[in-house]
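Please look over the sequence and the structure shown here before reading the report.

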Amino acid sequence: MSEYRVLPGPEHFLPPAAASMGIRLPNPGEAHINGVIASEEKAYEEAARQFLMAKVPTIFPGPLVLWAWNEKAAKKATAIRHLFNTLKECVQPGQKPMLIPMPDYRPKYPKINPEVEINPNHPNLTIWHNKIDCCMFVGVHCHQANLSLKIIRGGTSCYTIAMCAQAGHEDAMLSFRDASVEKIMKLADTVKRLKGTVQPRLSAKNGGAN
Amino acid sequence: MADTHSVIGTKNKKGQTYTDTWKMMNEAPRTPSFFTGSEVIKEAIRRASCDVMIAYPITPQSEAAALIGELFAEGYIGDYFRGESEFAVMSQCAGASFGGARVFTTTAGPGTMRAMENFPMWAGARLPIQMIVTCRGINSPLSIQPDTLEIAYLLNTGMLVWHAETAQDFFDWILKGYIVSEEPDVHLPLALCCDGFFVTHTKDVVNLTPADMCLPPYDPYRSPVPCMDMECPPVRMMRDPFVMKSNYISYATHASWQQEIWAAVERSRKHTIHWLNGLVDTENTDADIVIVASGTAVSQGREAIRMLEDEGVRCGLVKVKALRPWPEEEIREATKNAKHIFVPEFNVTGWLAKEIRATVPNHQRVHAGPHVCGGMTMPPEIIVSEIKTTLGMKTFSLAGRGS
């Protein structure tokens with residue numbers, strides 16, 4: 001097993017792809033935390049804990065759930081909205097959950113508007129501008145998600161979570177695979193269950209992403 | 001929208017049943033058939049639920065492109081046409097794949113080289129195209145004879161590269177290759193190589209799966225990048241190409257993109273091991289001498305091992321099936337006991353020996369050879385001779401008649 005661990009950065013001028021460092025994706029029914037295969041149950045707990053600890057827990061929904069291109073996508077979008085609302089209900093004063101879409105993948109110049117969107121080619125602008133210290137990608141095409149997750153790990157201290165509908169992401173610090181409405185709802189339930197049990201990082205020293 | 005699993009058990013327009021691939025390849029009855037390698041390619045594609053095949057059938061290296069034209073006439077291929085050059089063919093393959101089609105093509109030798117610009121583009125665009133490479137000479141003066149030098153150029157394109165030894169490998173790996181390369185965490189093109197002429201033109205007994213079973217169709221909605229439609233044409237990805245910008249983030253994005261291609265090659269390892277039953281096959285790797293080879297050099301190595309056994313020399317064999325992903329750990333493990341590692345190859349540069357030297361500890365154990373090239377055959381006697389010479393045993397000269 002690889003000794004490499006997928007941890008919050010800033011890691012390197014050009015961090016490696018975790019797959020190239022020997023990190024393997026989870027099999028169905030599993031997840032990974034920091035590159036180590038873990039049970040989904042443990043991953044729900046850890047993801048919820050990270051959300052509740054964060055000063056600016058943020059969900060980045062991508063095109064696969066932003067448009068109602070099939071019934072499943074529409075249901076997932078509703079579940080994601082429910083997760084966001086749950087986060088808002090469960091955080092303490094001073095924490096600021098955000099929902100920032102990744103509507104498409106075009107490189108945008110001179111730069112994106114980080115208030116309203118995130119782009120896989122410029123993710124750090126959105127992370128830095130909004131001081132996001134924990135984020136979850138959902139509904140982003142896998143290639144684009146991995147581009148972004150590596151850049152975020154390279155240049156920020158943001159904790160990254162992937163709720164992937166396919167095989168998962170080694171480049172996130174925590175990844176689910178085969179994401180479904182049920183899994184998103186279960187994460188929301190876990191956040192609700194852990195409400196009040198996790199101390200948020202609200203001090204200036206620890207809050208916000210580098 | 002296609003859903004791969006929901007169509008299992010239903011029939012296509014030719015009456016073939018979409019079948020679970022594992023069952024089709026491992027549990028369905030097989031029929032022994034006596035075919036050339038080119039005919040085997042045709043039979044595999046008959047069962048592959050291919051949407052598009054694009055051909056540049058000028059090369060006499062393989063009849064496969066023409067034979068698949070017959071499949072199109074019979075209704076087994078969605079579309080089939082000829083490009084105006086190899087470069088055009090590979091570009092057209094990209095277009096078809098961008099559009100969500102399962103795509104097949106063949107090439108060889110100078111055609112591979114002419115089309116080369118497209119292969120890193122395929123990988124970068126995450127297009128799971130399958131390309132058969134029936135290797136032949138690439139340099140001037142031209143040769144249509146087998147020579148595996150072109151594989152060396154494919155190794156760093158970001159494509160998956162497999163090297164078949166026999167027509168049976170070819171049949172099975174064409175079908176399994178689509179399954180591996182279309183996995184959403186892989187989603188890369190596959191160069192499925194064989195040594196031209198030896199595999200393509202000679203007949204062999206090949207055990208075929210039932211012709212009334214076929215692969216489930218490709219599901220482009222599992223792709224890690226958006227497939228092309230009128231809302232999201234690929235030009236949107238390319239409208240502001242990174243090459244046009246000079247700033248840190250555009251470089252970082254391009255770097256991350258390249259890393260992701262090679263990460264996908266790494267991810268294919270798990271799936272390739274599952275479907276090919278390992279990246280390598282091994283025999284007697286506790287021996288002091290091990291032959292490591294790919295393609296038909298494996299067959300010649302196997303025969304050389306039999307001949308050496310008759311003389312009391314015990315030899316192991318490592319058949320390298322996948323070159324990308326590279327079986328680094330497997331080769332290291334299989335050669336850990338070897339005092340001498342021989343790498344017979346059908347090319348002048350010895351690219352496989354170089355890869356193995358870079359992989360194993362104490363690389364002075366690696367003997368790069370024997371080599372033949374330009375269409376020469378590799379009699380097992382020259383492998384035997386090379387090994388015996390290294391061991392200080394008396395041997396003979398195959399080429400000379402002596403005085």
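The report below goes through confidence, chain contacts, domains, helix packing and a few backbone details.

## Confidence in the model

This is a predicted model. Its scores are ipTM 0.93 and pTM 0.94. For chain A the mean pLDDT is 93, and 96% of the residues reach 70 or more. One stretch of chain A, residues 204–208, has a pLDDT below 50. In the model this stretch has nine contacts beyond near neighbours in sequence.

Chain B has an average pLDDT of 91, with 91% of its residues scoring at least 70.

## Contact between the chains

Where chain A and chain B meet, 23 residues of chain A are in contact with 28 residues of chain B. On the side of chain A that touches chain B there are 12 nonpolar, eight polar and three charged residues.

## Two domains in chain B

Chain B is divided into domain 1, residues 4–222, and domain 2, residues 280–391. Taken over C-alpha atoms, the centres of domain 1 and domain 2 of chain B are separated by 28 Å. Contact between these domains involves 20 residues of domain 1 of chain B and 20 residues of domain 2 of chain B.

On the side of domain 1 of chain B that touches domain 2 of chain B, the elements giving two or more residues are helix 7 (149–154), strand 7 (160–163) and strand 8 (190–195) of chain B. Strand 7 of chain B gives the largest share of that side, four residues. By class, this side of domain 1 of chain B has 12 nonpolar, five polar and three charged residues.

## A helix pair in chain A

Helix 3 (residues 71–90) and helix 6 (residues 181–194) of chain A pack at an angle of about 5°, and their axes are 9 Å apart. Because angles under 35 degrees count as roughly parallel, helix 3 of chain A is roughly parallel to helix 6 of chain A.

Residues of helix 3 of chain A that make the contact include A:Ala79, A:Ile80, A:Leu83 and A:Leu87. From helix 6 of chain A, the contact residues include A:Val181, A:Ile184, A:Leu187 and A:Val191. The contact of helix 3 with helix 6 of chain A divides into 11 nonpolar, two polar and three charged residues.

## A helix pair in chain B

In chain B, helix 2 (residues 37–46) packs with helix 8 (residues 167–181) at an angle of about 25°, with the axes 9 Å apart. That angle makes helix 2 of chain B roughly parallel to helix 8 of chain B. The crossing of helix 2 of chain B past helix 8 of chain B is right-handed.

Among the residues of helix 2 of chain B that meet helix 8 of chain B are B:Val40, B:Ile41 and B:Glu43. Helix 8 of chain B contributes residues including B:Phe170, B:Phe171 and B:Ile174. The contact of helix 2 with helix 8 of chain B has nine nonpolar, one polar and one charged residues.

## Backbone details

The peptide bond from B:Arg324 to B:Pro325 is cis, with omega near 5°. B:Pro325 lies in the loop between strand 14 (322–324) and helix 12 (328–334) of chain B. B:Gly369 and B:Pro370 are also joined by a cis peptide bond, with omega about 5°. B:Pro370 is in the loop between strand 16 (366–367) and helix 14 (380–391) of chain B.

In chain A, the loop between strand 1 (30–33) and strand 2 (36–39) holds A:Asn34. Phi of A:Asn34 is near 60°, which is a positive value in a residue other than glycine.

Terms used:
Residues are numbered from 1 along each chain as its sequence is written. Chains are lettered from A and ligands numbered from 1 in the order in which they are written. This is a predicted model: local features need pLDDT of at least 70, side-chain atom pairs count only at pLDDT 80 or more; totals for chains, interfaces and linings use all residues. pLDDT is the predictor's confidence in each residue, from 0 to 100. Two residues are in contact if their C-beta atoms, placed from the backbone, lie within 7 Å. Axes are lines fitted to C-alpha atoms, for helices over the stretch in contact, and angles run from 0 to 180 degrees between N-to-C directions. Angles under 35 degrees count as roughly parallel, over 145 as roughly antiparallel, 65 to 115 as roughly perpendicular and the rest as oblique. A crossing is left-handed if the near helix is turned anticlockwise from the far one by less than a right angle, and right-handed if clockwise. Ala, Val, Leu, Ile, Met, Phe, Trp, Tyr, Cys and Pro count as nonpolar, Asp, Glu, Lys and Arg as charged, and the others, Gly among them, as polar. Domain bounds come from an automatic or database domain assignment.
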